[in-house]
Amino acid sequence: MRTISYAQAIKEAIEEEMRRDPTVILYGEDVANFGGIFRITSGLKEQFGEQRVFDTPISENAFVGAGVGAALTGLRPIVELQFADFLFTAGDEIVLKAGMWRYGHGGAYQVPLVVRCPSGAAGVGPEHGQCPESFFMHAPGLRIVCPATAADAKGLLKSAIRDNNPVLYFEHKLLYATKGEVPEGADYLVPLGKASVRRQGDALTLVAISAMVPKAMAAAERLASEGHHIEVIDPRSLNPFDRPAIIESVKKTGKIVVAEESYKTLGVGAEIGAMLMEQALEYLDRPLKRVAIPDVPIPTSPVLEKFVIPSEESIYAACRELLN
Amino acid sequence: MDKQIALDIYKKIILSRRLEERVAELIKAGQVGGFMHPGVGQEALQCAAIAALRKDDYLLYAHRGVAYWVARGIPLDKVLCDLACKEGGTNHGKGGVMRVVYPELGVLGESGTLGGCFPIASGAGLSIKVKGEDRVVLCFFGDGTSNRGTFHESANFCAVRKLPVVFLCENNGWAVSMPTERSTAVKDIADRAKGYAMPGEVVDGNDVEQVYKAVSEAIARARHGAGPSLVEAKTYRLWGHWIGDPDSYRSREEVEKQWRRDPIPIYEKKLGDEKILTEAIKQEVEADARAQIDRAVEFMQKQPFPKPESALEDLYA
């Protein structure tokens, strides 16, 4: 199978879906003429025209909300935010409009909107470097997708575009350049809500999200060389959230570590912990461990950033602690 | 102005006023919830502006009264069921009277947060443009809401992309207890259009003909691809912000003076002078309004509340 980058996979998904469905449009700051600040969308304006691929003013409330309005009236907009952090700038439009319009109006409309959110710490500091998935996991009505591989980046984005609900699609900045095998063909889809078991094992369950997946895989490799076969689960989407996959794994292993690039308090790990308390406490033979940011904003200096962002080493250490 | 249109607008205004009076009675009697913001005094502009729309145009109404729905032709029984948060309305108790919705008539619903309407309206405009349709979007808002950032972002967005959106400001002088002159730096909100290179026009919101003319022109402009416009209709909220508002923030003299500008007698005199409205027609219109409202109230009273567990439905498509 051919190998392409995560960034190319995203572009390919957009291209294929725009070709397939004339109601799909793409817009955001600098996406058309410049091709996006991460250069994901270069050439798309030339291919699909300025009506379907265009630049917007710096107006996150207007253009994210316009995505909702356009979705209500028959388009399938893909809105690019320059940074996932800007979800907070457009908070009303994301949480109260995209998430609640359908419900508040008794199901009269659907909101097939995709908001692309480049996430993750990359030397860009507190307001450009977050992985804010868990904030929005708390909000009803929003689908949340966070691919970790090139194949999932493509398959999940295509599913998100075809989905009739608003989807926040988190693409981690440090994954853009990573490469992987991606099936060819316009019909390659990865369903939302289905976790991927990246590595099988019975010693411990390691749940890793987004850019934590490659770090978790490296930690698992090291642990395997020490004789511990751990199971790595990539949920791939947080809404819908494949809870059974995690519970099933914990029933087998009795131990769980959750690695995520968000703040520890009320992060995805907290939700998984609560879920296990409710549904699988009797299977846990050690307490859950969370590897996450220690509840501070993300600092800009690489030295400070490295200290707060979970690493292969900190994931390895958390697993080791439970295995000892 | 076409005589039939003038008379139709009159019927809608009367029906709206009488319905609002009945709704106030129902709220005071505890028969329905009270999350209703009456629009008494503003019906003329609301009905006149909506009369200028085509059936397939989009509408984003504001939270000031029932006239938007009456004017657009949403059945009264549905409006009342939404007010009562019962089945039989448009949103199954999910959004109450703040979120009456009617896709068949392009009624997109309402934003609970003030100013949430502007980006949604822009998006509907975007759809029209991308699909190459000749529909338009009419977006109502109040003077207070013109201070939201979403207004300014959306006005600019619509202007740079030449989207077919008509922004209609109902300047009723008050944002709950805050008078416009204390909340808003400009005297005329229409002046804000200049900042977005679109036409901005002030009209007397209690004059049906002026509103109909200005909104019709703005709609025609939008329909022909010339982009958005802003119309400011000066009016007055004759009742409180909600049913039961102590209304302690403004003087009785001010409100009394404004009752003398009540758009209904003004319009009746005008239609009478033009021989469009006779005493007989007037009586007929009143009787018809009463009968429609009676039927709708009776329907609403017989409707059940939604099943409690239906609270879990309608979130995802």
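Predicted model: local features only at pLDDT ≥ 70, side-chain atom pairs only at ≥ 80, totals over all residues.

Trainee: What is the area buried between chain B and chain A?
Mentor: About 3300 Å², and carbon and sulfur atoms give 62% of that. In terms of contacts, 42 residues of chain B meet 44 residues of chain A.

Trainee: Why is the pair Glu50(A) and Arg161(B) called a salt bridge?
Mentor: The closest N and O atoms of Glu50(A) and Arg161(B) are 3.0 Å apart. The cut-off is 4 Å between a side-chain nitrogen of Lys or Arg and a carboxyl oxygen of Asp or Glu, so the pair qualifies. The count between chain B and chain A is one salt bridge.

Trainee: What makes Glu80(A) and Arg116(A) a salt bridge?
Mentor: Here the closest N and O atoms are 2.9 Å apart, and the limit is 4 Å, so that pair passes too. Side chains of opposite charge can pair when their charged atoms come close. Glu80(A) sits in strand 4 of chain A and Arg116(A) in strand 5 (residues 114–119) of chain A, 36 residues apart, and the pair links distant parts of the chain. Over all chains, the structure holds 45 salt bridges.

Trainee: How do you know that strand 1 and strand 2 of chain B pair?
Mentor: Pairing takes at least two bridges. Three bridges join strand 1 of chain B to strand 2 (residues 137–142) of chain B, so they count as paired, and they run parallel. One to look at is Leu60(B), whose bridge partner in strand 2 of chain B is Cys139(B).

Trainee: What is the strand order of the open sheet in chain B?
Mentor: Five strands line up as 1-2-3-7-6, with parallel pairing. Strand 1 and strand 6 (200–204) of chain B are called edge strands because each pairs on one side only. From one strand to the next, the twist averages 20 degrees.

Trainee: Which strands of chain B does helix 8 lie across?
Mentor: Helix 8 (residues 208–223) of chain B lies across strand 2, strand 3, strand 6 and strand 7 of chain B, at about 155 degrees to strand 6. Helix 2 (residues 43–51) of chain B lies across strand 1, strand 2, strand 3 (165–171) and strand 7 (229–234) of chain B, at about 165 degrees to strand 2.

Trainee: And in chain A, what is the pairing in the sheet of seven strands?
Mentor: Mixed, in the order 3-2-4-5-7-6-12. Strand 2 (residues 24–28) and strand 4 (residues 76–80) of chain A pair in the parallel sense over five bridges, and Ile25(A) stands opposite Pro77(A).

Conventions
Residues numbered from 1 in each chain as written. Chains lettered and ligands numbered in written order. Heavy atoms only, no water. Contact = heavy atoms within 4.5 Å. Buried area = accessible area lost by both parts, 1.4 Å probe. Helix = DSSP H or I, 4+ residues; strand = E, 2+ residues; numbered from the N terminus. Axes fitted to C-alpha atoms, helices over the stretch in contact; angles between N-to-C directions.
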